[in-house]
Amino acid sequence: MDMSFANQALSVEYLLRHHDRLSNKVHPVPGRSTGNRRLKLAATGVRVDLLTAEQRKYLASWEMGT
C-alpha cells in the first residue's frame, strides 16, 4: 500500500506542476515512478533480473495460440 500512496502523491504533485500543459483526459503515471519502484525493491532486498539474449529470443519465438 505504501507504493500505491507514493504513486498517488507523485501523480498529484505532477498534476499540480504541469496542469497548464495537460489535456483533459486520463494520463499514465509519470515515468519517474519507475525509479521509485526500483528504490522500494532495493530497500526490501529484492533485485530485478534482466532477460538474457537467449531468453528474449525464446520469448519472441512464440506464436499466437501456442
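Predicted model: local features only at pLDDT ≥ 70, side-chain atom pairs only at ≥ 80, totals over all residues.
Residues are numbered from 1 along each chain as its sequence is written, and side-chain values use heavy atoms, with hydrogens and water left out.

The protein chain has three helices and zero strands, where helices (H or I, at least four residues) and strands (E, at least two) are DSSP runs numbered from the N terminus. Reading along the sequence therefore gives the pattern α-α-α. Of the 66 residues of the chain, 6% count as buried, a word that here means under 20% relative accessible area, whereas exposed means over 50% and partly exposed lies in between (1.4 Å probe, protein chains only). The chain exposes about 6200 Å², and carbon and sulfur atoms supply 60% of that area; accessible areas come from the Shrake-Rupley method with a 1.4 Å probe, and for residues only the protein chains shown count as cover.

A search of the whole structure finds three salt bridges, each being a side-chain nitrogen of Lys or Arg within 4 Å of a carboxyl oxygen of Asp or Glu. In one of them, Glu13 pairs with Arg17, and their closest N and O atoms are 3.1 Å apart. These two residues are separated by about one helical turn, because they stand four residues apart in helix H1 (residues 2-18). Glu13 counts as partly exposed, at 28% relative accessibility, while Arg17 counts as exposed, at 57%.

Another salt bridge joins Asp20 to Arg21, with 4.0 Å between the closest N and O atoms. Asp20 is exposed, with a relative accessible area of 59%, and Arg21 also counts as exposed, at 60%. A further salt bridge links Asp49 with Arg47, whose closest N and O atoms lie 3.0 Å apart, and both of these residues are exposed.

Beyond these charged pairs, the surface also carries a nonpolar patch formed by Leu51, Tyr58, Leu59 and Trp62, which together have about 440 Å² of accessible area. Patches are made of residues with over 30% relative accessible area and no salt bridge, like charges being joined within 9 Å and nonpolar side chains (Val, Leu, Ile, Met, Phe, Trp, Tyr) within 5 Å. One of the patch members, Leu59, is found in helix H3 (residues 53-60).
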